[in-house]
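Subject: Structure for your files

Hello,

Here is the structure I said I would pass on. My notes on what was found in it follow below.

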Amino acid sequence: MGGILGMTLAALPQKVISRLLINDIGAVIPEAGLKRIKTYVGTDPTFNSHDEAVEACRGMLASFGPHTDEQFALLHKHYLVQRADDATKWTYHYDPHIVDAFKAAPDADVVLWPVFDAITCPTHVIRGADSDILQASVLAEMKTRGPKVTATEFAGIGHAPTLITQDQVDDCVKFFAQKSE
């Protein structure tokens, strides 16, 4: 959702965004990828222990790529919380109603080319090479229209790179350190 919000803000005539980094989302979001996300976003599971919750989280986030135990601990630290209704149980830390917008939308590709084409600021895209949300063909077209993005792909990662591995952090820092033309 952050990428969609970023593209929308960067497309505004007021130009409130001076540089845009998009993480594994593009001007077309395929129906198949959205259906996969619907299978877990908005669920409200209960786990009997922290260890059980960590294992479930590890499975759900497998497409985010390989992580050391230390990196994964950082991910699940922010992703898991004790349930408000039973502090002995664990659940995911997000609003389960986040899926309501997904459910209300028709089953179809989401096409954002008009928004993307209105972006004028320097834009860089990070893509997981195995992503089912940002297809390689869409990224190729994004390089030729709108802000004519630069991009980096990371092998062995689907949707979405977590931006905590050093190579991904370095890529982000490099983009934001560049001077605008």
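**Strand pairing and the sheet**

Strand 6 and strand 7 run parallel and are joined by five bridges. Helices (H or I, at least four residues) and strands (E, at least two) are DSSP runs, numbered from the N terminus. Two strands are taken to pair if DSSP finds at least two bridges between them.

Before going further, some ground rules: this is a predicted model, in which local features need pLDDT of at least 70 and side-chain atom pairs count only at pLDDT 80 or more, while totals for chains, interfaces and linings use all residues. Residues are numbered from 1 along each chain as its sequence is written, and side-chain values use heavy atoms, with hydrogens and water left out.

Strand 6 (residues 123-128) also runs parallel to strand 1, and four bridges join the two. Together these strands form an open sheet of three strands in the order 1-6-7, with parallel pairing. Its edge strands are strand 1 (20-23) and strand 7 (150-154), each of which pairs on one side only. On average, neighbouring strands of this sheet are turned by 15 degrees against each other, direction ignored. Axes here are lines fitted to C-alpha atoms, for helices over the stretch in contact, and angles run from 0 to 180 degrees between N-to-C directions.

Some individual pairs can be picked out on the model. Leu 21 has His 124 in strand 6 as its bridge partner. Asn 23 stands opposite Ile 126 in strand 6, and Ile 126 in turn has Thr 152 in strand 7 as a bridge partner.

Six of the six residues of strand 6 are buried, so strand 6 is largely enclosed by the rest of the structure. Buried means under 20% relative accessible area, exposed means over 50%, and partly exposed is in between (1.4 Å probe, protein chains only). Thr 123, Val 125 and Arg 127 point one way from strand 6, and His 124, Ile 126 and Gly 128 point the other way; all are buried.

Helix 8 (residues 166-177) lies across strand 1, strand 6 and strand 7, and runs at about 170 degrees to strand 6. Contact, here and below, means heavy atoms within 4.5 Å.

**A helix pair**

Helix 3 (residues 50-60) and helix 4 (residues 69-79) pack at an angle of about 105 degrees, with their axes 10 Å apart. Helix 3 and helix 4 are therefore roughly perpendicular to each other. The cut-offs are: under 35 degrees roughly parallel, over 145 roughly antiparallel, 65 to 115 roughly perpendicular, and the rest oblique.

Most residues other than glycine have a negative phi, and most peptide bonds are trans. Exceptions to look up in the model are as follows.

- A cis peptide bond, with omega about 10 degrees, joins His 159 and Ala 160. Ala 160 lies in the loop between strand 7 and helix 8.
- Lys 15 has a positive phi, near 55 degrees. Lys 15 sits in the loop between helix 1 and strand 1 and is partly exposed, with a relative accessible area of 39%.
- Lys 148 also has a positive phi, near 50 degrees. Lys 148 is in the loop between helix 7 (136-142) and strand 7, and counts as exposed at 53% relative accessibility.

Thr 162 is also placed in the loop between strand 7 and helix 8. At 15% relative accessibility, Thr 162 counts as buried. Leaving aside neighbours within four places in sequence, Thr 162 is in contact with Phe 64, His 67, Leu 75 and Gln 168.

**The chain as a whole**

The chain has eight helices and seven strands. Along its principal axes the C-alpha trace spans about 55 × 40 × 30 Å. Buried residues make up 42% of the 181 residues. Of the contacts in the chain with a separation of 6 or more, 75% are between residues 24 or more positions apart.

Regards
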